[in-house]
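This report looks at two local parts of one protein model. Please keep the sequence and the coordinates at hand while reading.

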Amino acid sequence: MSHGMDDKLDLAADAAAEWCVRLSEGDLSPAEQTALDAWFAADPMHRELLDDAVAAWRAVDEQASLPGMIALRGEALNDLRRAQRKQWSRKPGPRVAIWSAAAAVVVAVALGGALTWRASLPDVYRTTEGERRIVELADGSRASLDADTVLKVRYDGDRRRLWLEQGRAKFAVAKDPLRPFSVAAGGKLVVATGTTFSVERVADQMRVVLYEGHVAVLDGEGAKGRPPPLLRVNGAPTEKSLTPDHELVAQVNSEAASVSPTDPARAGAWETGQLVFQDEPMSLAVERVNRYAREKLRIGDPAVANLRISGVFTSGDTRAFIDGVTAVLPVRAVSGQGGETVLRAFQRQPKNFTEGGESSVE
């Protein structure tokens, strides 16, 4: 866009702000209405600019009296007065000055409202397939993100709130008893004040491994002013049953949950690039392997999903996982569509036999 076009757009935007202020003062006089109609007719863009200005005015109406907004408007007016003294050889008429100052207020308040709205949004941290990341949070806590993970974080005066949308993250929480640290995942809420734990969303489960300290796991995020109930395991709240070096497995769509011992080194092996499976279902193993693979695995038969697997694999080495699985389990790997590999139950077949247009990977 040329400088001439930029100047034209700036002038039109200024005019839209002035018309917005005039309309906010009440009905237009016949002369003013005629002038506004002529301005609309001069360029179709003018009506859109005025609509934007009015929308901004209304959007920040409730925030206009806040102390921060008052200060922002004051700064805008001062800046406008200084600019006028420098740039104009003659003092503008009283009404023009009012309109210009008010136009600056519209911009300042709209900008301030946008900043306030933006500040209320959570920060989003994400990793792609095969990527791991460590995030230092504002309070000194640290989050270690597994591959293919999405974590949202929002801190306010008395709460530290996080949402694990997908994947897995390990948290080393800075101690602050007055500001609980909560992680929502899969319809459950993990709350701690200072501890080390991980949260994972996998299949239809939410898994929590506690390394040190203690956490409470709640069934849901709760309504405003009403905390959700504590999740219980065999009648006992998880705060009592989930102790260090134990793992909680909770079903996303029910209150079912269990706690069992776990080896912390095995549970945290993913941070060093290893995937360790110990008598775990193939469905869970495949989902974890896929976090590191651009060309995905897919289970083609329910019987394969229920097979149990144990072993240590390098994250990202999908070929080694396929070779290991097909060597010890009744599973074969075939090529599917879109570059994926399908794991099917093994059946003895004539050599070089292909099924349904799929070619053998082996």
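## Basis

The structure is a predicted model.

Strands S16, S19 and S18 make up an open sheet of three strands, in the order S16-S19-S18 and with mixed pairing. S16 and S18 are the edge strands; each has a single partner strand, so one side of each is left without a neighbour in the sheet. On average, and with direction ignored, neighbouring strands of this sheet are turned by 30° against each other.

## Pairing along S19

S16 covers residues 297-299 and pairs with S19 in the parallel sense, over three bridges. In this pairing, Ile-299 stands opposite Leu-343 of S19.

S18, residues 331-335, runs antiparallel to S19, and five bridges join the two strands. Val-331 of this pairing stands opposite Ala-345 in S19, and Val-334 stands opposite Val-342 in S19. S18 and S19 form a hairpin with five residues between them. Within the turn, Gly-338 has a positive phi of about 70°.

Helix H10, which spans residues 318-328, lies across S16, S18 and S19. H10 runs at about 140° to S18.

Why is S19 described as largely enclosed by the rest of the structure? The strand spans residues 341-345, and four of its five residues are buried, so S19 is largely enclosed. Buried here stands for a relative accessible area under 20%.

## Lys-170

Is Lys-170 buried or exposed? Lys-170, found in strand S5 (residues 160-172), has a relative accessible area of 18%. The cut-off for buried is under 20%, so Lys-170 counts as buried.

Which side chain makes a polar contact with that of Lys-170? The partner is Glu-271, and the contact is 3.1 Å. With neighbours within four places in sequence left aside, Lys-170 is in contact with Arg-142, Ala-143 and Ser-144, with Thr-196, Phe-197 and Ser-198, and with Tyr-211, Trp-270 and Glu-271.

How values were computed:
Residues are numbered from 1 along each chain as its sequence is written. This is a predicted model: local features need pLDDT of at least 70, side-chain atom pairs count only at pLDDT 80 or more; totals for chains, interfaces and linings use all residues. Side-chain values use heavy atoms; hydrogens and water are left out. Buried means under 20% relative accessible area, exposed over 50%, partly exposed in between (1.4 Å probe, protein chains only). Two strands pair if DSSP finds at least two bridges between them. A polar contact is a pair of N or O atoms within 3.5 Å; within protein, one must be able to donate a hydrogen and the other to accept it, and residues adjacent in sequence count only if both atoms are side-chain atoms. Contact means heavy atoms within 4.5 Å. Axes are lines fitted to C-alpha atoms, for helices over the stretch in contact, and angles run from 0 to 180 degrees between N-to-C directions.
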